[in-house]
Structure formats: C-alpha cells, structure tokens
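Please open the model in your viewer and keep the selection tool at hand. The stops below are meant to be taken in order, one selection at a time.

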Amino acid sequence: MLRGQGSLFLATRKGVLVLGLPLIASGTPAPMWWAHHSGCAWAAAWLTVRGRTFLGARELLDDPGWSGQLQWFDSHSSKWSGHRPDLVGFVSDAAIAIEVELATKSKPRLDAILNLHLAWIIARKTNGVIYICGAEEGCRRVERAAQRVGPYRTDRQFRIETLDTIKAQTAAAHDQHRGTRDQAAA
C-alpha cells in the first residue's frame, strides 16, 4: 500500500500450505482492491476485539452455502451474478452478514443484494446484516436501498456504520483491553 496508509498482509499459497489450512489461498490483490481488503481487515479486527468469531472471505468461498444468486435489471438487460458477504460474524450462534461497501453499486444491484440478505433473514440463515460504508453518502445510499427493498424488522437486523466508526471503536476497544492487561500485570 502507499506510504502512510498502513499495511495489508495476506497469506500466500505457501503460507496456507505450511499452516495446513483447508482453504484456497488468495492471489495478490490488485491496487483497486486494497481499500476493500483493508476495510474487511478492520471489520475482522472489530469483531475480534469484541470476542466474536467470524468467517472470512476464503472460508466463505470454500462454503457454497454462503453464495447466493442475484438477479437485477438495468436499462438494457437482465443481469445474473453470484454474491457472498465479505464476512460473517457470530453473536452466540447467530450469524450476521457483513458487507464492506466502499464502491458505489448500481441501485438495482444493491437492491438485489439487500433482497438476498432479507431472504436469508426470513429463512433464519442469518439474523441480520451490517453494512460498513466508506462515507456518510454511502450510508445514505444503503439506507435508501433498504427502504426500497422492504421491511427489516429491527435495528439488530439491519445496521449501517462508517468505516471510520469501525476503526475508532476497534482502536478504543484495543486500547481498553491493553490498559486492563497492563494494570493486571502491574
């Protein structure tokens, strides 16, 4: 990544083999994906400091049960695509899908993704979805799409946060944990 933007690490194919993980290693991400992968890493850290377990991108790729089918219409034709959430976090045994939404999607495609999440909630595959957006405008776009798609019954089923909020909450939780650990050591 560019100097001053932090670091982004990924497990190489050799690293995955050495660890004996039953996963397919990812290739080196193109620069256009760095911000998204960094956002996913922050979401994973956010879950970790809260003591939550989660499935990451490679684990979701390995489990076809987390791949849904989307259909949407643009001005010219019908589109079909597969879709997986970026992460799935667990609160007790309840699955929560997490979407890191940094790039603007077309309204019909975003609506199709939200319809998929709503179907998963109705089927009790997940208990909700959390959208993590890069900016307030992204949050507003996702909120408008959720209103178009239909009824998420509670704030626990549908939540939107900015990436800056996730970073701040993660850093605060980490600092609190470190302070508690330092006091215990003293």
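Predicted model: local features only at pLDDT ≥ 70, side-chain atom pairs only at ≥ 80, totals over all residues.

Begin by selecting the five strands that form an open sheet, which are arranged in the order β1-β4-β5-β6-β7 with mixed pairing. At the edges you will find β1 (53-55) and β7 (158-162), each of which pairs on one side only.

Next, zoom in on β1 and β4, which pair in the antiparallel sense over three bridges. Here T53 can be selected together with F90 of β4, the residue that stands opposite T53.

**The helices on the sheet.** Then show helix α5 (residues 136-149), which lies across β5, β6 and β7 and runs at about 165° to β7.

**Salt bridges.** Staying with helix α5, select E137 and R140, which both lie in this helix, three residues apart, or about one turn. These two form a salt bridge in which the closest N and O atoms are 3.1 Å apart, and together with R144 they are linked in a network of salt bridges. E137 counts as partly exposed because its relative accessibility is 37%, and R140 is likewise partly exposed, with a relative accessible area of 42%.

Across the whole structure a search finds six salt bridges, and two others deserve a stop. For K79 and D74, by contrast, the closest N and O atoms of the salt bridge are 3.5 Å apart; K79 is partly exposed at 31% relative accessibility, and D74 is partly exposed at 32%.

**Two loop residues.** Select S92 in the loop between β4 (87-91) and β5 (94-101), where phi is near 55° and the residue, at 69% relative accessibility, counts as exposed. Finish at R124, in the loop between α4 (107-122) and β6 (128-133); R124 has a positive phi of about 65°, and its relative accessibility of 74% makes it count as exposed.

Key
Residues numbered from 1 in each chain as written. Heavy atoms only, no water. Helix = DSSP H or I, 4+ residues; strand = E, 2+ residues; numbered from the N terminus. Buried < 20%, exposed > 50% of the residue type's maximum accessible area, 1.4 Å probe, protein only. Pairing = 2+ DSSP bridges. Contact = heavy atoms within 4.5 Å. Axes fitted to C-alpha atoms, helices over the stretch in contact; angles between N-to-C directions. Salt bridge = Lys/Arg side-chain N within 4 Å of Asp/Glu carboxyl O.
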